[in-house]
Structure formats: structure tokens, C-alpha cells
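Here is a short report on one protein model. Look at the structure first, then read on.

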Amino acid sequence: MPTAEYEYKAAHKRVVEVKGPASHKPCQFCGTFAAEWSYNHQDPAEVYRDGYLWSESTAYYMPLCKRDHRAYDRAFRQHGKAVLAAVADALTEAGQQRYDEELREAVKASTFHRWRVRETALGNISPEQCAALAETSGERHSPQRAGAI
Ligand SMILES: [Zn+2]
């Protein structure tokens, strides 16, 4: 049987394969660039073994910046699952005060651009879909701001 550490890492790797690198997404709470895929502790079939806790399903991972990932996991370790919804709300609110709307919009456009370029390069979306996505994302309306980040 593979070690828990191996399976834990493999599960996170699958998330990157399916959803792309976390750095191609805004942090789900504060809206700055995400750095890591974080298990949201909501999978009823989660696996806990040898001190590692993870989900085999990519649906239960969210992109977070390091700061929010640490805060979220710390809240879980100290207080358990019951507080996580409230912690998510508090981190989102704190993030909105830390970063203004303009920055969050710029991060959204920039990360979306990176995600789209990667998906197109991988052949997951066609150049036509790629162009259509750029239109609907509003990316073309703020190329300078997005590029400045
Ligand atoms: Zn964050």
C-alpha cells in the first residue's frame, strides 16, 4: 500500500492536473493570487491516515493564498469543521478590506488569462473557444491593468 504522504501528494497533484496551478486562480477568500490548492474539509468520504487528511475528489479543493490557507487550516486544527463556514466568511471580509475592488478585478483578469493560455496550450480548449472566453471574461477591457500585476 502506498504511504499516506504519497497518496496525499498524489491527490493534490491530480487537482493541479484537472484545475490547473493554483497560481492561475484568485484566492477564493481574499481575491489576491492564490498559491496553493486547499482541501476544504467538506468531503464526506475524506481520507485520514498517518496524520494526513485529504480528499480523493478534486471538487473539494479551493485555490487560496498562503496566508488564508494557513489561517483556514489553523482554525480547523484548533476548532474543527464546525467553525469553517464562519472562518471562510471572516477571511473573505478581511480580504475585501485588505485588497480593493480594482486589485481583485485585475487579479481575476490576470489569473484567468494565465489559465486560458495554459488550457489552450494543453489542447483542452480550442483557439475559437479561447477567443470566446476572452470576450465573455471582459479581459480585453482591462489589458493594461491585468498586465501590470
Ligand atoms: Zn487569500
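Is E56 buried, partly exposed or exposed? E56 is partly exposed, because its relative accessible area is 40%. The model behind this value is predicted.

**Salt bridges**

The structure holds seven salt bridges. One of them joins E56 to R14, with the closest N and O atoms 2.6 Å apart. E56 lies in the loop between β3 (52-54) and β4 (61-64), and R14 lies in helix α1, so the pair ties together parts that are 42 residues apart in sequence. R14 counts as partly exposed, at 30% relative accessibility.

E101 and R104 also meet in a salt bridge. These two sit three residues apart in helix α4 (residues 101-121), so about one helical turn separates them. E101 counts as partly exposed, at 47% relative accessibility. R104 is buried, at 16%. R118 and E119 form another salt bridge. R118 is partly exposed, at 24% relative accessibility, whereas E119 is buried, at 8%.

| Salt bridge | N to O distance |
|---|---|
| E56 and R14 | 2.6 Å |
| E101 and R104 | 3.6 Å |
| R118 and E119 | 3.6 Å |

C30 is buried, at 1% relative accessibility. D68 is buried too, with a relative accessible area of 1%.

Note on methods: Residues numbered from 1 in each chain as written. Predicted model: local features only at pLDDT ≥ 70, side-chain atom pairs only at ≥ 80, totals over all residues. Heavy atoms only, no water. Buried < 20%, exposed > 50% of the residue type's maximum accessible area, 1.4 Å probe, protein only. Salt bridge = Lys/Arg side-chain N within 4 Å of Asp/Glu carboxyl O. Helix = DSSP H or I, 4+ residues; strand = E, 2+ residues; numbered from the N terminus.
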